[in-house]
Amino acid sequence: MVKEGEQSVSLDLLREKMVDFAKERGWGHFHSPRNLLLALVGEVGELSEIFQWKGEVARGLPDWKDEERIHLGEELSDVLLYLVQLSDTCCIDLGKAALRKIQLNAQKYPPNPCNNLSLKTEEEAAAARVFEDDDDGDYDRAAAGQEVGKGV
């Protein structure tokens, strides 16, 4: 969330900064798609190590120390920066590609009221279920949460 007086950081700004960073160091010739991908995978591995022995972690990381959060931010940033560089090297507009992917996922996975965890009671959840006819022409009782058996 962007706080008042702060600007959001764009992918374009990150891309420009990474292009300048690599150019200043003469690293551009090393930045092939393959090399950037392998570096990205390495950084994902470092990110994974942070969580490796922690078990399930609560949203917001309430039990984490400040230095653990800082380390996590650094590794997340490494992953993001290599991803931005890889997309730039491959001439892919990452922002547009991500928005397109969200649209495709919305079509592939439409909202389902049965999955709405904000429903307060089982009755509300049952009322929200969408029943479909099964092969024998009646409603699928298993989908309705009813016992299924002979003579029902």
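Is C91 buried or exposed? With a relative accessible area of 72%, C91 is exposed. Keep in mind that this is a predicted model. Let's start with the loops and then move on to the charged pairs.

**Two positive phi values**

C91 lies in the loop between α3 and α4, and its phi is positive, about 60°, although C91 is not a glycine. That's worth a glance, because most residues other than glycine have a negative phi. L61 is another case: its phi is near 55°, again a positive value in a residue other than glycine. You'll find L61 in the loop between α2 and α3. How does the surface exposure of L61 work out? L61 has a relative accessible area of 15%, and the cut-off for buried is under 20%, so L61 counts as buried. C91, at 72%, is on the exposed side.

**Salt bridges**

| Pair | N to O distance |
|---|---|
| R15 and D88 | 4.0 Å |
| R25 and E24 | 3.3 Å |
| E68 and K54 | 2.8 Å |

Take R15 and D88, whose closest N and O atoms are 4.0 Å apart. This pair ties together distant parts of the chain, with R15 in helix α1 (residues 11-25) and D88 in helix α3 (residues 66-89), 73 residues apart. R15 is partly exposed at 28% relative accessibility, and D88 is partly exposed too, at 30%.

Next up, the side chains of E68 and K54 meet at 2.8 Å, N to O. Here as well the pair links distant parts of the chain: E68 sits in helix α3, while K54 belongs to the loop between α2 (33-51) and α3, and 14 residues separate them. E68 has a relative accessible area of 24%, which makes it partly exposed, and K54 is partly exposed at 32%.

That leaves R25 and E24, joined by a salt bridge at 3.3 Å. R25 is partly exposed, with a relative accessible area of 38%, whereas E24 is exposed at 63%.

**Helix α4 and its start**

Helix α4 covers residues 94-108, 15 residues in total. From first C-alpha to last it reaches 21 Å, close to the 21 Å expected at 1.5 Å a residue. Which residue reaches toward the backbone nitrogen of G95 at the start of α4? That would be D93: one of its side-chain oxygens comes to within 3.2 Å of that nitrogen.

Key. Residues numbered from 1 in each chain as written. Predicted model: local features only at pLDDT ≥ 70, side-chain atom pairs only at ≥ 80, totals over all residues. Heavy atoms only, no water. Helix = DSSP H or I, 4+ residues; strand = E, 2+ residues; numbered from the N terminus. Buried < 20%, exposed > 50% of the residue type's maximum accessible area, 1.4 Å probe, protein only. Expected span 1.5 Å × (residues − 1). Polar contact = N/O pair within 3.5 Å; in protein donor to acceptor, adjacent residues only side chain to side chain.
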